[in-house]
Amino acid sequence: MRESLKLINIFNILKRYYGPRNWWPVTPPGKLYPEYTGGPENSEQRFEVAVGAILTQNTSWKNAALAIKSLNESNNLNPEAIMRIENKQLGKIIRSSGYYNMKARKLKVLAGYFLQKIETNRESLLELYGIGPETADSILLYAFNKPYFVIDAYTRRIFGRMKIIDADDSYEAIREYFETNLPFESWLFNEYHALIVEHAKSFCRKTPLCDDCPISYICGLTGD
Ligand code: SF4
């Protein structure tokens, strides 16, 4: 099967199976906890996505979302407030996300970047403290709707097991593989990555549940 056809086939099956994911979760007006409502609709929510992309580094989304809730409760989920608040205090607020002192520093740098009001691009994001390729691409795709395919451990696990990619390849090589073999569309990259995360949690876990996996016939593996 041609690479692009295989990737689209997998996408279609996962989409049918799980339904639309409505990423990235943001806090609806008047609420405190982020929800899956189809992504950001304004600059405040775009900033929230970027904050979430940092808070979820090395931890579950559940822990990151609790930190977002605390930022909302304390009225600190905006660049101005984050610049004003002391590092130590900010660390306390986002404690649930782990590595909170380091993440407080990262959020300050991010807030300063947003306040500059320059055009957000990959090059300048990667220059910031605490932002690597996965975080940068998450911000570009989910906050700014720019077509960057996000590669994470789940992508490596699923597509490595399927022998579609070499899981040990570099981030950039794997990103390029997806971006050149799929239609170059933000909405598709958005939905595809969200489906990958869902599938890794539901079936392609550390110990995979291959027997009931909806893409097992393409995968052709028994989980190793
Ligand atoms: S068949 Fe198994 S290894 Fe392949 S994608 Fe499904 S769960 Fe993962």
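## Pockets, ligand and helix packing

Trainee: How does the lining of the second largest pocket split by class?
Mentor: The lining of the second largest pocket has 8 nonpolar, 3 polar and 4 charged residues. Keep in mind that this is a predicted model.

Trainee: And how much space lies in the second largest pocket?
Mentor: About 330 Å³. The pocket is lined by 15 residues, and those closest to its centre are Ser43, Phe47, Pro79, Phe114 and Lys117.

Trainee: Which elements give two or more residues to that lining?
Mentor: Helix 2 (43-55), helix 4 (79-84) and helix 6 (100-116). Helix 2 gives the largest share, 4 residues.

Trainee: OK, on to the largest pocket. How much space is in there?
Mentor: About 680 Å³. Its lining takes 26 residues, with Trp23, Thr56, Asp152, Tyr154 and Val197 closest to the centre.

Trainee: Which helices supply at least two residues of the lining there?
Mentor: Helix 8 (133-143), helix 9 (153-161) and helix 11 (186-202). Helix 11 brings the largest share, with 5 residues.

Trainee: Where does the largest pocket lie relative to the domains, and why?
Mentor: The largest pocket lies between domain 1 (3-21 + 148-219) and domain 2 (43-143), because both give residues to its lining.

Trainee: Wait, is domain 1 written as one segment or two?
Mentor: Two. The chain is divided into domain 1, at 3-21 + 148-219, and domain 2, at 43-143.

Trainee: How far apart are the C-alpha centres of the two domains?
Mentor: The centres of domain 1 and domain 2 lie 26 Å apart. Their contact takes 13 residues from domain 1 and 8 residues from domain 2.

Trainee: New topic: the ligand. Which residues surround it?
Mentor: Arg161, His199, Phe203, Cys204, Pro208, Cys210, Cys213, Ile215, Ser216 and Cys219.

Trainee: And by class, how does that shell look?
Mentor: The shell around the ligand has 7 nonpolar, 2 polar and 1 charged residues.

Trainee: Back to helix 8. At what angle does it pack with helix 10?
Mentor: Helix 8 and helix 10 (residues 171-181) pack at about 35°. Their axes are 11 Å apart.

Trainee: Why give me both an angle and a distance?
Mentor: Because a pair of packed helices is described by the angle between the axes and the distance between them.

Trainee: Fine. Which residues make the contact?
Mentor: From helix 8, Pro133, Glu134 and Asp137. From helix 10, Tyr171, Glu172 and Arg175. By class, this contact of helix 8 with helix 10 has 2 nonpolar, no polar and 4 charged residues.

Trainee: What about Asn22: is its phi positive or negative?
Mentor: Positive, about 55°, although Asn22 is not a glycine. Asn22 is also in the loop between helix 1 and helix 2.

Trainee: Why flag either of those?
Mentor: Because most peptide bonds are trans, and most residues other than glycine have a negative phi.

Key
Residues numbered from 1 in each chain as written. Predicted model: local features only at pLDDT ≥ 70, side-chain atom pairs only at ≥ 80, totals over all residues. Heavy atoms only, no water. Near = heavy atom within 4 Å. Nonpolar A, V, L, I, M, F, W, Y, C, P; charged D, E, K, R; others polar. 1 Å grid on protein atoms, 1.4 Å probe; cavity = no way out; pocket = protein on both sides within 12 Å on 5 of 7 lines; lining within 4 Å. Points joined across faces, edges and corners; volume = space filled by probe spheres on them. Domains from an automatic or database assignment. Axes fitted to C-alpha atoms, helices over the stretch in contact; angles between N-to-C directions. Contact = heavy atoms within 4.5 Å.
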